[in-house]
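Trainee: I would like to go through this model with you, one question at a time.
Mentor: Go ahead.

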Amino acid sequence: MSDDIFRHGGAIDLASEHYNIPVDHWLDLSTGINPTPYLITDAPAKTWHRLPLKRDTDAVLAAAKQYYGIVSMDHIACGPGTQALIQLVPFILAKTANINSVAIFGPTYGEHAPAWQRAHIRTTEIYATPDMRQAIVRNSPTGAVSPDASLAPHIEPKCRSSDFGWSGLTPDHDLADVINTHDAFVIVNPNNPDGGLIDQNSLFSFATYLQKRGKYLIIDEAFADTAPDVSLCPKIHELTNTIILRSFGKFFGLAGIRVGFAVAHPAMIADITDRLGPWAVSGPALHITTHALGDQTWHQTMRDRLAAQAKWLDQAVLHATDCELVGGTSLLRLYRGCRLPDLQKHLARQGIWVRGFTNAPNWLRFGLPGISTNQRRLISVLSDFPARTGTTKV
């Protein structure tokens, strides 16, 4: 099977071609997109006919300011999806901040490294062991890195990449060495695909520590909507060298309208906005996003619903297989087990697509099935998975 089919979730067209099943017959569980999307309000006809107005952009920034808990709209830029911002930020920092090297805490979302490489910045994908992440938390009396303290000279990892199941990353770096040898750092929080978390206070102290040394921190909070307390957005006004990226489409289930936000120092925001140019986001998308960000009742109801669905999914998958839960968020779950490659093929032959990983063949990531019809379909196919260990063929 081509590696392209595992590059990202959502490759239903490739799966359809490979398994000869029509696209419309698939149940796509390969993404972390909410399967119960926000109910779209009809965008006024004028938003389709005219270019977006300044007041349309101001409205979405005001809604984002409230939703993300930011002190000023000057700290926010709205762009055509987080992916566009991921690809833009390295070029800005290469030019304005003399960034020559970046360390990406992985394994994580696969588009971060190529974005930095396109900007001709030396890129190291570090295997961030659980101990390395905890090193950010535990190196001060308050449980976070003190801005004026030295990091521990060496953090001995208890879990190596070979044990964890992922191949291809630079292994076994201690945190101090990573910081000393790089200019910028990328952390996805909560992490995709394993849901690894660094709490807000610890990450703020880490960002401050880097800032005092002229280094930059880029935080991808694409999955923070279901865990808002971890977000660093409310503290961005105290940070000059931190850029936070937020995805709209995942939590609200509206990935197709392509809206994302950058949260940073006003000077960085001004640069991002200038480079995006006028009318970067369509008028209808601005209208929908403004309404969705302001619907507080929906936000909390959906967080509770997604958390319950994630628990249901764990029970269903773990009951049907001898795999183990690695982690996840309320939008995606990651499992590990020697039979999961067979399970992926078994599901695919029945038109259910889950996320496999070329560098971790014993991993599978599941999104949520959503409605009860999809739940019953998944349970039915899982129940047909052979109880005994064996191999299946494509």
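Trainee: Is W298 buried or exposed?
Mentor: This is a predicted model, in which local features need pLDDT of at least 70, side-chain atom pairs count only at pLDDT 80 or more, and totals for chains, interfaces and linings use all residues. Residues are numbered from 1 along each chain as its sequence is written, and side-chain values use heavy atoms, without hydrogens and water. Buried means under 20% relative accessible area, exposed over 50% and partly exposed in between, with a 1.4 Å probe and protein chains only. W298 has a relative accessibility of 15%, so W298 counts as buried.

Trainee: With which residue does W298 form an edge-to-face aromatic pair?
Mentor: Rings of Phe, Tyr and Trp (its six-membered ring) pair if their centres lie within 6.5 Å; planes under 30 degrees apart count as stacked, over 60 as edge-to-face and the rest as tilted. Here the centres are 5.2 Å apart, with 85 degrees between the planes. The partner of W298 is Y38.

Trainee: How many residues apart are Y38 and W298?
Mentor: Helices (H or I, at least four residues) and strands (E, at least two) are DSSP runs, numbered from the N terminus. Y38 sits in the loop between β1 (27-28) and α2 (45-49), while W298 belongs to helix α13 (residues 296-320). Y38 is buried as well, at a relative accessible area of 9%. The pair links distant parts of the chain, and the separation is 260 residues.

Trainee: Which residues do ring pairs link into a cluster with Y38 and W298?
Mentor: Y67 and Y68 form an edge-to-face pair, 5.0 Å centre to centre and 70 degrees between the planes. Both Y67 and Y68 are buried. Besides Y38 and W298, the cluster holds Y67, Y68, F248, F251, F252 and F261.

Trainee: Why do α3 and α12 count as roughly parallel?
Mentor: Axes are lines fitted to C-alpha atoms, for helices over the stretch in contact, and angles run from 0 to 180 degrees between N-to-C directions. Angles under 35 degrees count as roughly parallel, over 145 as roughly antiparallel, 65 to 115 as roughly perpendicular and the rest as oblique. The axes of α3 (residues 54-68) and α12 (residues 283-293) come within 9 Å. The two helices are therefore roughly parallel, as they cross at roughly 25 degrees.

Trainee: Which residues of α12 meet α3?
Mentor: Contact means heavy atoms within 4.5 Å. The α3 side consists of D56, T57, A59, V60, A63, A64 and Y67. Across from them in α12 are L286, T289, T290 and L293.

Trainee: Where does V71 lie, and with which residues is V71 in contact?
Mentor: V71 is in the loop between α3 and β2 (76-79). At 45% relative accessibility, V71 counts as partly exposed. Its C-alpha atom is 9.1 Å from that of C233, 162 residues apart along the chain. Leaving aside neighbours within four places in sequence, V71 is in contact with K65 and H237.

Trainee: Which residues of α15 meet α13?
Mentor: α13 and α15 (residues 372-383) pack at about 15 degrees with axes 10 Å apart, which makes them roughly parallel. From α13, the contact uses W312, L313, A316, V317 and A320. The α15 residues are Q375, L378, I379 and L382.

Trainee: What percentage of the protein chain counts as buried?
Mentor: The chain has 15 helices and 13 strands. Of its 394 residues, the buried share is 55%.
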